[in-house]
Amino acid sequence: MIHVRKTLVVAGHGMVGHRFVLAAIERGLTETYDIVVVGEEARPAYDRVALTSFFEVGAEALSYLPDGSYEDPRVRLLTGTQVTGIDRDARQVTLDNGDVQAYDALVLATGAAPFVPPVPGHDLDNVFVYRTIEDLEAIREASKSAKAGAVIGGGLLGLEAANALHQLGVQTHVVELAPRLMAVQIDDAGGRTLTRHVEQLGLTVHCGVMTELIDAGADGKVDSLKFKDRDEPLDVDMVVFSAGIRPRDALARDCGLAVAERGGILVDEQMRTSDDRIYAIGECAAPGGQMYGLVAPGYSMAEVAVDALLGGPGTFTGADMSTKLKLLGVDVASFGDAFAGTEGALELVFADAVAGVYKKLVVSNDGKRLLGGILVGDASAYGVLRPMVASGMELPENPEELILPASTGSGAGVTLPDEAQICSCNDVTKGEIVAVVADGQADDVAGVKACTNAGTTCGSCVPVVKRLIEDHFASIGREIDRTICEHFPLSRQELFDVVAVHGYRSFDQIIEAHGSGRGCDICKPAVASILASQFNEHVLGRNTAALQDTNDAYLANLQKNGSYSVVPRIPGGEITPEKLIVIGEVARDFGLYTKITGGQRIDLFGARMEQLPAIWQRLVAAGFESGHAYGKSLRTVKSCVGSTWCRFGVQDSVGMAIELELRYRGLRSPHKLKGGVSGCARECAEARGKDFGVIATEKGWNLYVCGNGGMVPAHAQLLAGDVDSETLIRYLDRFLMYYIRTADRLQRTSTWLDSIDGGLDRVREIVVDDALGLGAELEAEMARHVGSYVDEWRATIEDPEKLARFVSFVNAPDVPDANISFEVERDQIKPQLSSEPVTLGSHIPVGAPTA
Amino acid sequence: MSDWQQICRVDDLERERGVTALVHGQAVAIFRTHDDQVYALGNYDPFAHASVLARGIIGTRGDVPFVASPMHKQAFDLRTGVCLDDDSVSVPAYDVKVVDGTILVGPRKASTLA
């Protein structure tokens with residue numbers, strides 16, 4: 001049978017177009033279709049919802065496709081290209097570069113365009129919209145010479161735009177036609193609360209005013225705004241329109257597809273337009289005549305369209321338009337029937353003008369069901385309230401307790417039904433969350449995130465997820481066991497505190513006073529790490545040598561055949577030719593396999609345990625020291641080449657990486673630690689994939705924390721922005737020490753962050769705002785570490801007692817263990833494994849090197 | 001070949017650590033526990049197929065003294081060589097005696113012969 005591949009064209013590469021392609025690849029649509037994606041913007045799809053953070057993180061961090069292409073070779077992406085016409089009869093589209101592309105199926109994902117009202121002066125210089133990265137770049141450029149600016153439109157996007165202007169140091173006015181801010185989502189009282197918050201930040205809000213004219217100065221640029229029924233003009237140097245969006249449906253109109261009365265391409269429940277080979281999804285589509293200006297419904301439409309193309313039954317029948325967001329630092333949430341439109345609906349209101357909190361619940365006439373609500377200033381209850389609306393469950397007896405200040409936000413005492421949707425971003429129900437906990441797949445928030453995706457997008461449901469886990473354990477009478485092992489009834493953090501308070505220096509002291517038995521492979525390395533963090537004694541010292549795990553015990557990394565690998569420190573990845581030659585010579589002389597690591601250094605494999613001191617001797621003599629590749633400790637601080645060489649660099653990233661690596665080298669921690677420093681927002685050092693990542697800005701450094709690669713990758717999150725080098729190091733000292741003190745054993749920074757009540761905000765309070773007054777203490781602990789650092793390799797080769805353990809056989813130190821043998825592959829050694837122990841004499845032992 | 005082979009002084013061993021000795025042509029792991037008992041097991045980890053057990057951490061599970069393989073942490077009873085995580089797997093255990101402070105390793109314990 002001849003199998004002819006078909007072609008699918010996607011017009012538009014925004015968030016929804018991108019999601020469509022991902023879903024198409026994942027669900028196997030590319031088995032039958034070649035996909036051609038035509039995107040108008042110069043860059044591939046990026047996170048438009050987080051657009052405001054562009055100034056902080058740069059375009060690359062927002063990008064969904066930093067490499068510029070999809071991994072699936074059957075998807076071709078054309079950026080900077082526009083579909084200009086559709087010929088439905090010929091089944092082809094024309095592009096603005098003159099090309100013609102045939103299609104078997106066409107998906108329109110052209111999105112929406114900002115609506116600019118026809119106010120005179122709307123086409124002046126320094127009048128902007130807020131939709132693309134290019135818009136933001138232009139706004140940033142104009143802000144440099146602007147004192148004051150106005151955002152026309154006080155809705156959700158308008159406030160985002162106002163936030164951006166405010167961040168750029170422009171005196172910002174918000175001009176709204178409606179009598180209040182966010183008129184679509186919240187009521188008058190909520191709007192007043194929000195206005196107070198916004199004005200406290202130094203912005204000015206003008207509600208109920210209509211802009212009549214944007215007036216120009218002599219230079220042709222914006223000079224002032226004139227309002228209807230107001231004499232005083234408002235002096236501004238720039239204007240941003242954010243007065244709503246309109247579906248971009250022109251392509252559909254031009255080729256005769258049906259469109260909705262108020263705009264948007266009419267589609268059925270499977271996203272098919274009036275031509276059944278053409279689909280429309282996202283903001284350009286109007287299922288049932290209505291367009292949806294949020295990303296979540298757009299994503300649903302993308303999934304439904306893929307399903308339809310595969311012949312599936314999925315439908316889109318409307319979306320939950322509930323929203324929760326942080327605008328200018330203020331929590332705002334609106335859900336369900338927020339305006340009490342249901343007949344007979346009752347309102348329950350809590351307002352605290354001093355604290356700036358307004359909460360309203362809309363309940364059914366009989367008081368039994370929650371219909372909707374509005375939260376301003378404190379939206380912590382959103383995670384419980386929204387699923388209560390969606391599931392239609394019966395309200396508790398005193399529903400007002402759900403919004404009173406004492407409530408924890410996790411809705412303790414409310415029992416949601418199993419079908420209640422907890423995570424609306426990823427459509428995860430309570431039943432699904434409880435199921436993964438009940439069958440043992442997960443026992444904490446991090447585990448639930450990994451198993452179900454709940455809480456991985458906006459994070460608003462995390463407190464509820466946490467409570468569901470605790471409730472489940474309480475219901476089966478299981479206490480969440482954080483004790484470290486059978487020998488200590490303590491968690492790692494408690495153990496850390498016990499050592500700090502009593503000043504214990506040895507395992508014997510600790511287990512006699514607080515434990516039982518003689519320890520094991522879990523508690524011993526944990527105690528060794530805690531002692532090292534607090535006292536920084538040599539890991540092979542008398543008190544600690546017997547506690548060290550596999551790699552620490554021999555200051556090298558055990559490999560599968562019982563040999564070791566050796567990694568000298570190369571701070572920041574910077575190395576002289578002379579040192580590089582020494583590494584090569586050592587590897588050659590000892591016959592070691594060499595490989596460049598991901599952390600910008602060189603790993604030398606295949607050393608026998610008894611060879612290690614001689615290898616270290618050579619390396620130390622050449623000025624190297626241990627790279628601690630074997631420890632739960634700082635590994636490397638990776639860097640890009642930075643401003644010294646790079647045309648784009650704005651700071652000396654190599655210098656900073658070296659300073660940080662030398663400062664934190666040898667620091668023992670609950671898990672390995674990695675750092676990265678990038679010299680500009682292009683982020684070539686991949687710093688946001690590290691436990692701490694530093695990215696240069698024009699003004700200093702942005703500090704990101706709690707990222708990692710590995711099995712469950714996590715992007716580091718911004719802890720502090722635009723700090724100078726001294727502040728950066730102070731924050732890092734505090735952050736690292738706080739993590740070392742409080743994390744569980746083998747808990748990396750990202751899962752540690754998940755386990756902290758209040759998450760990143762809480763860590764910022766402690767590290768940046770010093771809310772617990774711990775700052776000086778944490779810095780002093782780090783100073784002690786820095787001051788007491790010694791190179792473990794050098795200390796070992798200088799100490800006969802420590803050296804004594806590096807022998808093959810205690811009774812035959814000159815005989816190498818014949819169980820370790822190698823073969824050759826690609827001109828280097830590789831381990832040769834034997835399925836039985838090798839008896840000496842039956843094999844000729846591999847000789848020791850002559851070097 | 002004598003059944004008992006002299007290895008080293010007890011004092012040459014750190015408490016709660018192992019060393020590797022060459023006994024009858026085989027790599028044997030010798031351990032000294034906290035209470036100065038000395039045990040000897042085959043050094044070859046049957047899970048990882050590598051000669052490494054002497055480099056593991058020593059501890060107790062309940063009253064059972066054990067070594068955890070440095071490779072993947074399977075625990076072996078120091079007295080019998082039986083794996084505590086999978087009792088169908090074991091490593092050879094050897095008789096040990098200490099004479100005048102010197103460790104002597106004897107033949108494989110009868111109970112561990114298959």
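Nine of the 12 residues of helix 1 of chain A are buried, so this helix is largely enclosed by the rest of the structure. Buried here means that 20 or more other C-beta atoms, placed from the backbone, lie within 10 Å of a residue's own. Helices (H or I, at least four residues) and strands (E, at least two) are DSSP runs, numbered from the N terminus. This is a predicted model, in which local features need pLDDT of at least 70 and side-chain atom pairs count only at pLDDT 80 or more, while totals for chains, interfaces and linings use all residues. Residues are numbered from 1 along each chain as its sequence is written, and chains are lettered from A and ligands numbered from 1 in the order in which they are written.

Back to helix 1 of chain A, which runs over residues 15-26. From its first C-alpha to its last it reaches 16 Å, close to the 16 Å expected at 1.5 Å a residue (1.5 Å times one less than the number of residues). Its buried residues include M15(A), H18(A), R19(A) and F20(A). Among the elements covering them are strand 1 (6-11), strand 2 (33-38) and helix 7 (295-309) of chain A. Just after the helix, G28(A) takes a positive phi of about 85°.

Next come the nonpolar cores, each a set of buried Ala, Val, Leu, Ile, Met, Phe, Trp, Tyr and Cys residues joined through C-beta atoms within 7 Å. The largest has 132 residues, of which V239(A), V240(A), V465(A), L703(A) and F735(A) touch the most other members. Helix 18 (residues 725-742) of chain A gives the most to this core, with 10 residues. Apart from it lies another core, of 59 residues, and V91(B) is among them, along with F496(A), C520(A) and L547(A).

Q534(A) sits in helix 14 (residues 523-535) of chain A. It counts as buried because it has 20 C-beta neighbours inside 10 Å. Leaving aside neighbours within four places in sequence, Q534(A) is in contact with V499(A) and A500(A); contact means C-beta atoms, placed from the backbone, within 7 Å. R784(A) is 250 residues away along the chain, yet its C-alpha and that of Q534(A) are separated by 8.5 Å.

Finally, the two chains meet in a contact that takes 30 residues from chain B and 31 residues from chain A. On the chain B side, strand 2 gives the most, with five residues. The residues of that side divide into 13 nonpolar, nine polar and eight charged. Ala, Val, Leu, Ile, Met, Phe, Trp, Tyr, Cys and Pro count as nonpolar, Asp, Glu, Lys and Arg as charged, and the others, Gly among them, as polar.
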